[in-house]
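Please have a look at the sequence and the structure first.

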Amino acid sequence: MDEAVADMNDLDHDFHLFVEATSGLDSVVYRAGSGLRLAQVDVVPDRLGPYTVALTPSAQPAPVLDVQEAVRRLLLTDLPFLFFLDADQGRGSVLYHRYDGHYGLIDAPAQT
């Protein structure tokens, strides 16, 4: 978790998609107001590895959507990105608004 937050800060991004080491779950850490939040494809707070950064884990699992549904949901909200469990791939993904007005899609990194 600490490494994911450091990567997000180093890259000056608002979110970072990663695989949480202890739980093995696709996860995203993101800026929310003046703090940080963690969302995962499933909610397992007792299986999170140790971390030192101040963040709040989400109590909601990621929604299960296909990419077309994710695009529709992102269009209906004022959110900069949407973290979801890709129904076709079975992995966490982030759909986000790009600066050029198009969308970007990031799939969770392969587990090693």
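Predicted model: local features only at pLDDT ≥ 70, side-chain atom pairs only at ≥ 80, totals over all residues.

How many salt bridges does the structure hold? There are 3 salt bridges, where the term stands for a side-chain nitrogen of Lys or Arg within 4 Å of a carboxyl oxygen of Asp or Glu. Residues are numbered from 1 along each chain as its sequence is written, and side-chain values use heavy atoms, with hydrogens and water left out.

In one of the pairs, Asp 14 forms a salt bridge with Arg 31, and their closest N and O atoms are 3.7 Å apart. Asp 14 sits in the loop between helix 1 (2–11) and strand 1 (15–19), and Arg 31 in strand 2 (residues 26–32), so this pair ties together parts that are 17 residues apart in sequence. Helices (H or I, at least four residues) and strands (E, at least two) are DSSP runs here, numbered from the N terminus. Asp 14 is partly exposed, at a relative accessible area of 47%, and Arg 31 is partly exposed as well, at 32%. For these words, buried means under 20% relative accessible area, exposed over 50%, and partly exposed in between, with a 1.4 Å probe and protein chains only.

Arg 91 and Asp 26 form another salt bridge, with the closest N and O atoms 2.7 Å apart. Because Arg 91 lies in strand 7 (residues 91–97) and Asp 26 in strand 2, this pair ties together parts that are 65 residues apart in sequence. Arg 91 is partly exposed, with a relative accessible area of 22%, whereas Asp 26, at 5% relative accessibility, counts as buried.

The salt bridge between Arg 98 and Asp 100 has its closest N and O atoms 2.3 Å apart; Arg 98 is partly exposed at a relative accessible area of 37%, and Asp 100 is partly exposed at 46%.

Now to the cavity. A search of the whole structure finds 1 cavity of 30 Å³ or more, and about 60 Å³ of space lies in the largest cavity. By cavity I mean a set of points, on a 1 Å grid over the protein atoms alone, where a 1.4 Å probe fits but cannot get out, and lining residues have an atom within 4 Å of a point. The volume is the space filled by probe spheres set on the points. Which element gives the most to the lining? That is strand 3 (residues 35–40), with 3 residues.

Among the lining residues are Leu 38, Ala 39, Val 43 and Ser 58. Ser 58 is placed in the loop between strand 4 (56–57) and strand 5 (64–65). Is Ser 58 buried or exposed? With a relative accessible area of 17%, Ser 58 is buried. Leaving aside residues up to four places away in sequence, Ser 58 touches Arg 37, Leu 38, Ala 39 and Val 43, contact meaning heavy atoms within 4.5 Å. A polar atom of the Ser 58 side chain also lies 3.1 Å from the backbone nitrogen of Gln 60, and Gln 60 is itself among the residues lining the largest cavity.

Definitions and conventions. Polar contact = N/O pair within 3.5 Å; in protein donor to acceptor, adjacent residues only side chain to side chain. 1 Å grid on protein atoms, 1.4 Å probe; cavity = no way out; pocket = protein on both sides within 12 Å on 5 of 7 lines; lining within 4 Å.
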